[in-house]
Amino acid sequence: MDDQVVQRVLQEGGRDFYQQQPSTSAASSSSPSILQSLPLHVSFDHGYYLLVKSIQELRSKKDGVVTIGIGGPIGSGKSSLSEKVASVIGCTVMSMDNYRTGVDDGHDLDSIDFDLLVQNLEDLINGRDTSTPLFAFQERRRIGSNVIKSISSGVVIVDGTYALHARLRSLLDIRVAVVGGVHFSLLSKVQYDIGESCSLDYLIDSIFPLFRKHIEPDLHHAQIRINNSFVSSFREPIYKIKCKSESQSGHAAYIFHGKEAQFDNFIEMYLRPPSASEEARINDWIKVRQSGIKYYLSLGDQRIVDKNYIIRPRAEFEVGRMTLGGLLALGYTVVVSYKRASTSVIDGNLSVSLETIDTLGETYLVLRGTSRKIVGTESSRMGITGPWITKSYLEMILERQGVPRLNTPPLLSSVTPVTTQERLIAAPKPLRIAPNLVTRFEDLPQPWTRSPTKSKMEPVMATWHFIPPNPLLSDGYVTGPPSSRDNLQLAPMPDSYDLDRGLLLAVQAIQALLENKGLPVVVGIGGPSGSGKTSLARKMANIVGCEVISLESYYKPEQTKDFKYDDFSSLDLDLLSKNIDDIRNCRRTKVPVFDLETGARSGFKELEVSEDCGVVIFEGIYALHPDIRRRLDLWIAVVGGVHSHLISRVQRDKSRAGCFVSQNEIMMTVFPIFQQHIEPHLVEAHLKIRNDFDPVLSPESSLFVLKSNKQVAYQDILKILDSSKICSSVQNFIDIYLRLSGIPANGQLTEGDCIRVRICEGRFALLIREPIREGNFIIQPKVDFDISISTVAGLLNLGYQAVAYIEASACIYQDGKILIEIDHLQDVSSPYLQIKGVNKETVVAAGSTLKLDGSYTTKSYLEIILERLPAAERSSNGIHSQQAARLQELVEYIQSQGSSSASESSPSREASPLEGVIEEMQSRIKRLERWQAINTVLWTFLMSAFLGYSLYQRKRQ
């Protein structure tokens, strides 16, 4: 990935040269290793990836400890960055929170014990063990120390507001500044509440008085500057159910029996903005929670209520007492405060608590977790059936005591309110995502510390409105006699939103439709391949509990054989229309199930609208086509994601080759079907979402992979998998590596210079792999998305050349936690085994059980094959001469079929003799599948017989 960017910031000099003269030897002069102060302005995900690559570069070129400082204002996301880097690199994180000297505000410069922190860093740098302090915030004092062994601390991260202070900078190899996040979100919120009467500098000095004087100057010394646009998100929400505890002692005895309980006492208060009217919503208030000497702030009562569940985002961040005092000085008033005493037991991602609210004089039983299903299952296991309470403690207090009145009447607005029908909706515009490029320092319009990526952040969420149906949009479509639900439709949102806000608005739209129109609600999510439609649909389903149906289930088998996945005629529109009409009329219907491996329908499943399944989501690239969307209640368009990443990748490759190509030109060449037949439908959506989340660079979507060529028995693999959840499959695939001609080559062909396209089961997929190799691990994103044959042809037309070709078969075994893949590469004698999982410890344990320790490799299959290939048998591209001829046949076939698919020629076409290449591959796939099925049956029979014989012998003895 950004190898050139990393190289830009590498030069001689740095921490090691403050205390010693540079060596004049040739060895030292030829190994630049230390980062220079050259500002790079990047997104959070891009900064994470760049930081990890820089650490690896430094560690390989210098001796001793690599030290990193990650600084920034409170709530910017610096601690999250430290945790994510530590999960990959396996480094030591020294939090400056543990270096407090007392109970004063921990964000005050004088409250940090810099002498001890400097001593700890110097010990580790000089190879000595050191003892770091531990601070208990509830007890408001230091409670002990933690010994850090120098031998295990190859990388040390200092995380804190003042991590880039002048006293520490000379000890740091890499300096990283993080701005934005909820820190900037609070500034936007306060600026919205106060109005234009106060400058941004005045607001910063009021609520973050130390920032401009003591924090911001240090951030300008950072080499990597990260603009964190992430705020509160429902991507990983907290699910909560709550009921009144009638018998506190009985519940406590059952819940806490034999378990270690946690006791917490909080003071929670709500601040009302100075400009609020008597009718102001509580969502506009600011919530502050005090725990010991720490204060945590969240913006408003952000939550979604679905059935019995209260769903909240992770939206809380720590602030100092001076921030709270500054808000009060600006005119915010404390309208509600109460004490919450909590006794809880935590078991993994689930917690059970008894909470007593002093103002209400009641105790409540609360279950919280990251999985809706687990929370519901636990409540059933405990025998708790409600009655469930979905109101917040704030709402219950206000119902009992009333809303405190303001001291002065609100000012009358001089603006005449505009009714819903009179609201003007801006003309729809195409949705595009700007490429994720590194921003230069001189291109920033204002100080970068005040200008996060999302410079305009809406402090108050938009609300949905209903308007009479537009006959121009309905296309004369009528499902039956007119009803009350047909008299209303949602007014489109005039703006587009990021993924987090779009997810919240989508759920709110569904709830508004359920409240005003009743069951059922049919939703369509459209957008290009790889934009994030499926991810959004699943996250919506986790929140509201609905059914998700992919339009891939409606592919016609005869069309998929011809690689026409992005052709609208490939859909069985008659069956799709019947299913939607049955759902709208609350009739039971049969939805097709499409098997992607066989390319055919494997059957049908019944679907019926009910209270538990009253929302149905259809997602696919043509979900907002006029023939489909007229039957839907909510239209959602999603652009960006991996789709935009590919466009940025092509732009980057073209730039490296010395040629500039506009985004529009790439779109027309690589995604011709999208621009002509998909994008025009997206502009009519009720909700437009810009998915600027890059799963390729993000640590959130990473897989930990261990690879070995050691032989492992089939029965040993089965032992480490959950027998009740195990499933297996066989895949046969061809990987084609495309490289843009003109890109400077550094010796041998590398996977990083190529775009990998996989042909598997008659489908084309783009495999984006920009892995991080750390120790024995290959840490890579799981980003594979289907593309059309016209997209591959478009890449070839842009100048990409097929430079490598790998044919292989894979046997895959998985149980939901780990995946074991055995790859048989053509012309490679022994197979390779890969263990994949999202949990690093689980993958390590599986490898140890299979006795693979010491046999791992981090090389790609392309490297392995090129190393084994004799120089005499290589072609000009570096691959086997026989493979080069076969690769040329595939390229010619792709170009011929891609051109005919992109151009709207007659649907009938002459059969190409080159189809024999694909047909031969498919016949080989079928033969291997049959052999694998026979092999599995035989192994199962033999293992069962062996187990039965062993039990029989044991019983006789």
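Trainee: By about how many helical turns are arginine 381 and glutamate 378 separated in helix α12?

Mentor: This is a predicted model, in which local features need pLDDT of at least 70, side-chain atom pairs count only at pLDDT 80 or more, and totals for chains, interfaces and linings use all residues. Residues are numbered from 1 along each chain as its sequence is written, and side-chain values use heavy atoms, with hydrogens and water left out. Helices (H or I, at least four residues) and strands (E, at least two) are DSSP runs, numbered from the N terminus. Because arginine 381 and glutamate 378 lie three residues apart in helix α12 (residues 372-381), their separation is about one helical turn.

Trainee: What is the N to O distance in the salt bridge of arginine 381 and glutamate 378?

Mentor: A salt bridge requires a side-chain nitrogen of Lys or Arg within 4 Å of a carboxyl oxygen of Asp or Glu. For arginine 381 and glutamate 378, the N to O value is 2.7 Å.

Trainee: In the salt bridge of aspartate 582 with lysine 578, is lysine 578 buried or partly exposed?

Mentor: The closest N and O atoms of this pair are 2.9 Å apart, and the two residues lie four residues apart in helix α18 (residues 573-584). Buried means under 20% relative accessible area, exposed over 50%, and partly exposed in between (1.4 Å probe, protein chains only). Aspartate 582, at 5%, is buried. Lysine 578 has a relative accessible area of 48% and is therefore partly exposed.

Trainee: How many residues apart are aspartate 173 and lysine 62?

Mentor: Aspartate 173 forms a salt bridge with lysine 62, with closest N and O atoms 3.9 Å apart. The pair links distant parts of the chain: aspartate 173 is in the loop between α6 (166-169) and β9 (174-180), lysine 62 is in the loop between α3 (44-61) and β4 (66-71), and the two are 111 residues apart.

Trainee: Which element gives the most to the lining of the second largest cavity?

Mentor: On a 1 Å grid over the protein atoms alone, a cavity is a set of points where a 1.4 Å probe fits but cannot get out, and lining residues have an atom within 4 Å of a point. Grid points are joined across faces, edges and corners, and the volume is the space filled by probe spheres set on the points; for the second largest cavity this is about 110 Å³. At least two lining residues come from each of α20 (641-656), β33 (755-760) and β34 (763-767). With three residues, the element that gives the most is α20.

Methods: On a 1 Å grid over the protein atoms alone, a cavity is a set of points where a 1.4 Å probe fits but cannot get out, and a pocket is an open set with protein on both sides within 12 Å along at least five of seven lines; lining residues have an atom within 4 Å of a point.
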